[in-house]
Amino acid sequence: MKLTLIYPPVISAVSNMDVLTPPMGVAYLASYMIREGVDVQVIDGQGEDPNGVSIFHKNITIRGLSFDGILERVDPNASLIGISNLFTVGYPVVRELSKRLKAKYPNIPIVLGGNHPTNMPEKSLADSKADYVILGEGEKALARLCKFLEKKDSLEEIDGIAYFEGEKFIRRSAKRILNLNEDSIPFPARHLLPL
């Protein structure tokens, strides 16, 4: 199983180029998935090209890797592509990236995660080309989704996931991770980030 996790570039004004933080949520997901035996690729759309600026729409720019730069980095043998979407302001970039990924890799499922898709899963799925949304803290649900894709688990038994089954919207509530130590969440996989 190969999982590609993408932290997308951000809608940005050229004047705030100096603000850059590592995607720790993606790094936590990566470390958990590695522990579960999944081969993980991380594409840090901001950190891999922090000075990159490209036009997104009219006078709106994105900071970081271009869409083409991200598409070139995706492993074509990936079994699943995950895209992080923390803030609603970034959703237009995630939606466009999802559409471009699906056009280039039509047979690879796409899953969205983060605050925006968690709070608007039905709309996020309907607007993008994503196949699934992971709700809330995604480590356990993402691991179960990978097992489902390997035909080792049932989609109906995954908590914290949303998807369409035909025209019917399915949403199963997420369970919170209350204590990182008790729930055995490993330290973030910083080695996969361009620090």
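This is a predicted model: local features need pLDDT of at least 70, side-chain atom pairs count only at pLDDT 80 or more; totals for chains, interfaces and linings use all residues.
View 1. The strands follow the order 3-1-6-7-8-9-10 with mixed pairing, where strands are DSSP runs of E with at least two residues, helices are runs of H or I with at least four residues, and both are numbered from the N terminus. Strand 3 (39-44) and strand 10 (168-172) form the edges, each pairing on one side only; two strands count as paired if DSSP finds at least two bridges between them. Neighbouring strands are turned by 20° against each other on average, direction ignored.

**View 2. The pairing of strand 7 with strand 8.** Strand 7 (residues 110-113) and strand 8 (residues 132-134) run parallel and are joined by 3 bridges, and Leu112 has Val133 in strand 8 as its bridge partner.

**View 3. Helices 3 and 6 against the strands.** Helix 3 (residues 91-104) lies across strand 1 (2-7), strand 6 (80-84) and strand 7, at about 165° to strand 6. Helix 6 (residues 139-149) packs on the sheet, touching strands including strand 8 and strand 9 (161-165), and its direction makes about 150° with that of strand 8. Contact means heavy atoms within 4.5 Å, and angles run from 0 to 180 degrees between N-to-C directions of axes fitted to C-alpha atoms, for helices over the stretch in contact.

View 4. Gly25 lies in helix 1 (residues 24-35) and is partly exposed, with a relative accessible area of 48%, a class between buried (under 20%) and exposed (over 50%), for a 1.4 Å probe and protein chains only. Its C-alpha atom is separated by 9.7 Å from that of Glu139, 114 residues apart along the chain.

Residues are numbered from 1 along each chain as its sequence is written, and side-chain values use heavy atoms, with hydrogens and water left out. Local features need pLDDT of at least 70 and side-chain atom pairs count only at pLDDT 80 or more, whereas totals for chains, interfaces and linings use all residues.
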